[in-house]
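Subject: Structure for your files, with notes

Dear colleague,

Here is the structure you were to receive. Please open it alongside the notes below.

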Amino acid sequence: MLSEKYLARIAGLLYLIVIICGIFAEKYVRFTLVDLNDSAVTAQNIGNQEFLFRMGFVADLIMQLAYFLLPVVLYQLLKKTSKELAGLMVLSVTVAVAIMCINMLNHYAPLLLLNHNIYTSAFSTEQINNSVSFYLEMHNKGYHIAQLFFGLWLLPLGYLVFKSERFPKIIGILLIVGCFGYLTDFLIYFLCPENSIALSEYITAPADLGEFSLCLYLLIKGVKGADSSQ
């Protein structure tokens with residue numbers, strides 16, 4: 001059987017892949033290429049930097065694969081504290097990943113619209129540009145729907161981290177607070193969208209800090225009192 005320290009390093013590496021790929025796809029690729037307020041500029045950006053847009057697509061899928069595997073590994077480290085909550089953690093991520101993977105079709109749709117003659121000949125440039133923005137807006141909405149579940153998974157994760165005594169308790173507290181931050185951000189995004197952009201970074205900051213701290217702890221320290229083998 002794999003040692004607990006080895007499992008912790010695997011979990012930390014998977015978490016790091018989730019963070020790096022997620023930041024690259026969302027904060028770099030889409031931030032650079034997508035302007036939902038200007039469909040013509042967005043379509044032009046994607047056409048001029050198609051490979052970068054495809055890299056963002058692939059990075060998102062890699063992120064989702066790593067995110068799917070992460071709680072499976074964490075389950076092995078945390079199940080002694082509570083199998084039920086560890087199972088809820090895995091289930092929450094499974095639902096989130098399913099939503100995000102299906103939602104990636106909205107991310108890929110602009111490439112079909114911009115590169116297939118059947119579409120470029122049947123629709124005007126303005127229609128295609130507007131369709132590109134529509135699908136990217138739908139991708140944005142789908143991402144926030146998934147946020148309901150990748151916020152929810154932080155609650156059992158945070159509780160297990162806090163109660164296990166194998167991690168610093170402050171990380172567990174940050175994760176629990178982060179869960180409610182994500183859920184609050186989800187509600188604001190759909191109920192009061194005009195306020196969501198200004199508030200989102202502040203509301204989700206505890207989750208970001210908690211997840212990044214857990215990732216580093218798993219990579220550097222592992223777990224307290226880890227057995228050499230299981």
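Predicted model: local features only at pLDDT ≥ 70, side-chain atom pairs only at ≥ 80, totals over all residues.

Residues are numbered from 1 along each chain as its sequence is written, and side-chain values use heavy atoms, with hydrogens and water left out.

Overall fold

The chain has ten helices and zero strands; helices (H or I, at least four residues) and strands (E, at least two) are DSSP runs, numbered from the N terminus. Along its principal axes, the C-alpha trace spans about 65 × 40 × 25 Å. Of the 230 residues, 43% count as buried. Buried means under 20% relative accessible area, exposed means over 50%, and partly exposed lies in between (1.4 Å probe, protein chains only).

Annotated segments

The unreviewed UniProt entry carries the annotation "transmembrane region" for residues 7-25, 61-78, 85-105, 143-162 and 171-191. UniProt positions are given in the numbering used here, feature names are shortened, and annotations may be inferred rather than shown by experiment. In the model, residues 85-105 are 100% helix and 0% strand, with end C-alpha atoms 32 Å apart. Residues 171-191 are also 100% helix and 0% strand, and there the end C-alpha atoms are 30 Å apart.

Helix lengths and bends

Two terms are needed here. The expected span of a helix is 1.5 Å times one less than its number of residues. The bend at a residue is the angle between axes fitted to the seven residues ending there and the seven starting there.

- α1 has 30 residues and reaches 42 Å from its first C-alpha to its last, close to the expected 44 Å. A kink of about 25° in α1 is centred on Phe24.
- α4 (residues 83-115) has 33 residues that should span 48 Å, and its end C-alpha atoms are 49 Å apart, which agrees. α4 bends by about 35° at Tyr108, and a proline, Pro110, follows within four residues.
- α6 has 28 residues that should span 40 Å, in agreement with the 41 Å between its end C-alpha atoms. The kink in α6 is about 30° and is centred on Ala146.

Single residues

Ala146, in helix α6, counts as buried because its relative accessibility is 0%. Other buried residues of α6 include Ile128, Val132, Leu136, His139, His144 and Phe150.

Gly158 lies in helix α7 and, at 0% relative accessibility, is buried as well. From Gly158 to Ile176 is 18 residues in sequence and 4.9 Å in space, C-alpha to C-alpha.

Val72 belongs to helix α3 and is partly exposed, with a relative accessible area of 40%. Val72 and Ala86 are 14 residues apart in sequence, and their C-alpha atoms are 9.0 Å apart.

Asp208 sits in helix α10; its relative accessible area is 42%, so it is partly exposed. Leu175 is 33 residues from Asp208 along the chain, and their C-alpha atoms are separated by 8.5 Å.

Glu165 is in the loop between α7 (154-164) and α8. Phi of Glu165 is near 60°, a positive value in a residue other than glycine. Glu165 counts as exposed because its relative accessibility is 59%.

The largest pocket

The largest pocket has a volume of about 1,600 Å³. Of the 38 residues that line it, the closest to its centre are Glu26, Lys27, Tyr143, His144 and Ser200. The elements that give two or more residues to the lining are α1 (4-33), α3 (50-78), α6 (125-152), α8 (169-191), α9 (193-203) and α10 (205-220).

On a 1 Å grid over the protein atoms alone, a pocket is an open set of points where a 1.4 Å probe fits, with protein on both sides within 12 Å along at least five of seven lines; lining residues have an atom within 4 Å of a point. Grid points are joined across faces, edges and corners, and a volume is the space filled by probe spheres set on the points.

The lining divides into 19 nonpolar, nine polar and ten charged residues. Ala, Val, Leu, Ile, Met, Phe, Trp, Tyr, Cys and Pro count as nonpolar, Asp, Glu, Lys and Arg as charged, and the others, Gly among them, as polar.

Regards
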